[in-house]
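Good morning, colleagues. Please look at the sequence and the structure on the screen while I speak.

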Amino acid sequence: MNTNDVKSAKRVLTILQFFAQTRAPASLTQISAALGFPKSSCLALLDTLEGEGYAHQTGGRYYLTRRWFNEARAIAEHDQLAARVRPVLEELRDKLRETLILAQRSDSQVLYLDVAEPERIVRFTARTGELKPLHAAASGRALLAAMAPAEREALLARMPLPRFTDQTPTTRDALQKMLEEGDRRGYHVNLGEHQADTLSVAAPVVLYGTPYALTVGAPLERAKPQVRQIGGMLVEAAARLAAEVGRADAAPA
């Protein structure tokens, strides 16, 4: 794929995000101005989406069709990972009344694959597809700890460690110490390292040969006294989930 193809793909995703945020039809001028695309390029992308059935026009304004929804639903309904993990996320969410997240590493960042939020006004807010820094997140350190040592060292050697709060580890030595502490506990803890008023607790779990992190996010002051309890529940859930997936894979077709 050449550079222009990559740029076009990113611009299509940006158009999708634009409509997800605005939730209203928009003219070519509005779309190109909001996204900073040249009108000619924006028109070509919208024409392509319209021609493929992903967009339509009414009164000179564009909007996306339900084809996005129908295809996304078909994909989600056949996601073997989500089918296995979602019930565990929801079970822990209901027991803890805090936000549960399934995360995976995406190079030097954490990618949220699924989120289950509690029905509480004050809660840790997260969304599927969100990215977080590896070094300043409990999920990130759980994922780092699950890597082969040589691969982890190569990643850390090129990975920036920016400061977000006074608690953020910004040196390799500080980060390594946190990784070792998390390994000893079996779960990793972030106390206000990315956002000063939140905490996260994460346990690694390997599913289908790939490392993931089961993570709880919560307001710092409310959940700090329960960190040990949360960590223990995550470790138990991770072990149970890995065993269930292993048995399912081993079962005859």
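Let me begin with a definition: a residue is buried under 20% relative accessible area, exposed over 50%, and partly exposed in between, using a 1.4 Å probe and protein chains only. This is a predicted model, in which local features need pLDDT of at least 70 and side-chain atom pairs count only at pLDDT 80 or more, while totals for chains, interfaces and linings use all residues. Residues are numbered from 1 along each chain as its sequence is written, and side-chain values use heavy atoms, with hydrogens and water left out.

G232 has a relative accessible area of 37%, and is therefore partly exposed. G232 belongs to helix α10, residues 227-250; helices here are DSSP runs of H or I with at least four residues, numbered from the N terminus. Between the C-alpha atoms of G232 and L111 there are 23 Å in space, and the two are 121 residues apart in sequence.

I turn now to helix packing. Axes are lines fitted to C-alpha atoms over the stretch in contact, and angles run from 0 to 180 degrees between N-to-C directions. Contact means heavy atoms within 4.5 Å.

Helix α2 (residues 28-35) packs with helix α3 (residues 39-51) at about 115°, the axes being 9 Å apart. Here L28, T29, I31 and S32 of α2 meet K39, C42, L43 and L46 of α3.

How far apart are the axes of α7 and α8? Those of α7 (residues 149-158) and α8 (residues 172-185) lie 11 Å apart, at an angle of about 145°. In this pair, R152, E153, L156 and A157 of α7 touch R172, L175, Q176 and L179 of α8.

Technical notes: Helices (H or I, at least four residues) and strands (E, at least two) are DSSP runs, numbered from the N terminus.
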